[in-house]
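This report describes the overall build of a protein model and then turns to two local sites. Please consult the sequence and the model shown here.

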Amino acid sequence: MCSILTQLKKIAENEGIAIGALEKKLGASKGVLSRAINNGTDIQSKWLSAVVENYPQYNPSWIITGKGNMLNDKQHTAVAVASKEGIPLIPLSAMAGALTGEQSVLEYECERYVVPAFSGADFLIAVKGNSMSPTYVSGDIVACQRVPMTDLFFQWNKPYVLDTKQGALIKRIKPGTDKQHVMIVSDNTEYDPFELAYTDIYGVALVIGIIRLE
């Protein structure tokens, strides 16, 4: 059995519920976890964010690696914390405020995580959709660092989170056909690249890291 599944089984046992009840809590189809546990196979990465969202009392680092404390405590350096310490996990619906550093958004009902490797990150968000697959897939959590909009400068071909007229985007940025535009590129080749005017970009953050459930 893979390590992640071992941790999920322990969570069910600690909560005093069956695997079927855990599946229901996470929004998984009946049998998704139980079959994987019985067969020793992997599960989709999207369940990481579901576990973190529904069971914030469990240490994300322990869920991923099986190492450290099962439950969060104030001394652990990679756990959800209720204080203002750590990196806030922002819902996509509030991303515009996160990109601008709006304090009310960063503090409003956001779980926070202390992840030493992402010490420069301003916020975390969950990936939705598969336009950036296989680099980032739905359910991944990416760590983002805000980029000032004054004298906006892009590192070409780097992945960014953008707040645009088209909504929230996680894309690679390449030079456009002129100085007023950039090229928006998906890693998934089924999605065609397109140009976006600088004036249609309201906020920018550089993706500096990823958390994934294997």
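## Overall architecture

The model is predicted, with local features requiring pLDDT of at least 70 and side-chain atom pairs pLDDT 80 or more, while totals for chains, interfaces and linings use all residues. Residues are numbered from 1 along each chain as its sequence is written, and side-chain values use heavy atoms, leaving out hydrogens and water.

The protein chain contains 7 helices and 10 strands, taken as DSSP runs (helices H or I, at least four residues; strands E, at least two) numbered from the N terminus. Of its 214 residues, 45% are buried, meaning under 20% relative accessible area with a 1.4 Å probe and protein chains only; exposed means over 50%, and partly exposed lies in between.

## The site around Ser186

Ser186 lies in the loop between strand E8 (181-185) and strand E9 (194-197). Ser186 is buried, with a relative accessible area of 11%. Beyond its neighbours within four places in sequence, Ser186 is in contact with Ser131, Met132, Lys171 and Tyr191.

## Helix H3

Helix H3 spans residues 32-39, and Leu33, Ala36 and Ile37 are buried in it. These residues lie on the same side of H3 because they cover an arc of only 100 degrees around the axis, judged by the directions from the helix axis to the C-beta atoms. Asn38 and Asn39, on the other side of H3, are exposed.

How values were computed
Contact = heavy atoms within 4.5 Å.
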